[in-house]
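Dear colleague,

I am handing over the structure below, and I would be glad if you could look through it alongside the notes that come after it.

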Amino acid sequence: MQTINKSDVVAVIQNFTAQDVYIHSEATSFVFVRNFRAHLTDCRIAGEGPYRVGMRFDGHGWLRMEGLTHYEVDADGRLLLAGYDDEGRMHVALELGKEPFPE
């Protein structure tokens with residue numbers, strides 16, 4: 001995983017906009033979503049680190065994640081955004097893919 005470079009992440013996210021995407025998201029132990037499918041119409045990244053990402057789906061609903069610090073694009077082109085605390089523990093994750101994630 002690399003530290004988020006805002007312009008690099010924006011460029012990667014553009015590859016997912018205006019199409020159906022699959023989402024995996026979790027935050028600590030109280031939120032978990034896997035293979036949620038929606039049409040991504042807009043995505044924004046804000047902050048100076050840690051970052052927050054807002055994704056708009058079908059022109060109506062938003063998903064917003066905060067505290068994001070790192071990212072990677074895997075061999076299958078999926079984008080993983082993660083937030084780590086000061087002790088190196090992952091506390092939030094948001095992953096986008098064009099195909100369903102393994103169950």
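This is a predicted model: local features need pLDDT of at least 70, side-chain atom pairs count only at pLDDT 80 or more; totals for chains, interfaces and linings use all residues.

Glutamate 95 lies in strand S8, which covers residues 90-97, and although glutamate 95 is buried, it has no salt bridge. The nearest side chain of opposite charge belongs to arginine 78 and is 4.2 Å away, which means that the pair falls outside the definition of a salt bridge, since that asks for a nitrogen within 4 Å of a carboxyl oxygen. Once the neighbours within four places in sequence are set aside, the residues in contact with glutamate 95 are Tyr22, Ile23, His24, Asp74, Arg78, Leu79, Leu80 and Phe101.

Arginine 78 does form a salt bridge with aspartate 76, with the closest N and O atoms 3.3 Å apart, and aspartate 76 is itself exposed, at a relative accessible area of 61%.

The structure holds 7 salt bridges, including one between the side chains of glutamate 66 and arginine 64, at 2.2 Å from N to O. Of these two partners, glutamate 66 counts as partly exposed at 45% relative accessibility, whereas arginine 64 is exposed, with a relative accessible area of 54%.

Another salt bridge joins aspartate 85 and arginine 89 at 2.8 Å, N to O; aspartate 85 counts as partly exposed at 25% relative accessibility, and arginine 89 likewise counts as partly exposed, at 47%.

How values were computed
Residues are numbered from 1 along each chain as its sequence is written. Side-chain values use heavy atoms; hydrogens and water are left out. Helices (H or I, at least four residues) and strands (E, at least two) are DSSP runs, numbered from the N terminus. Buried means under 20% relative accessible area, exposed over 50%, partly exposed in between (1.4 Å probe, protein chains only). Lys and Arg count as positive and Asp and Glu as negative; His and the chain ends are not counted. Contact means heavy atoms within 4.5 Å.
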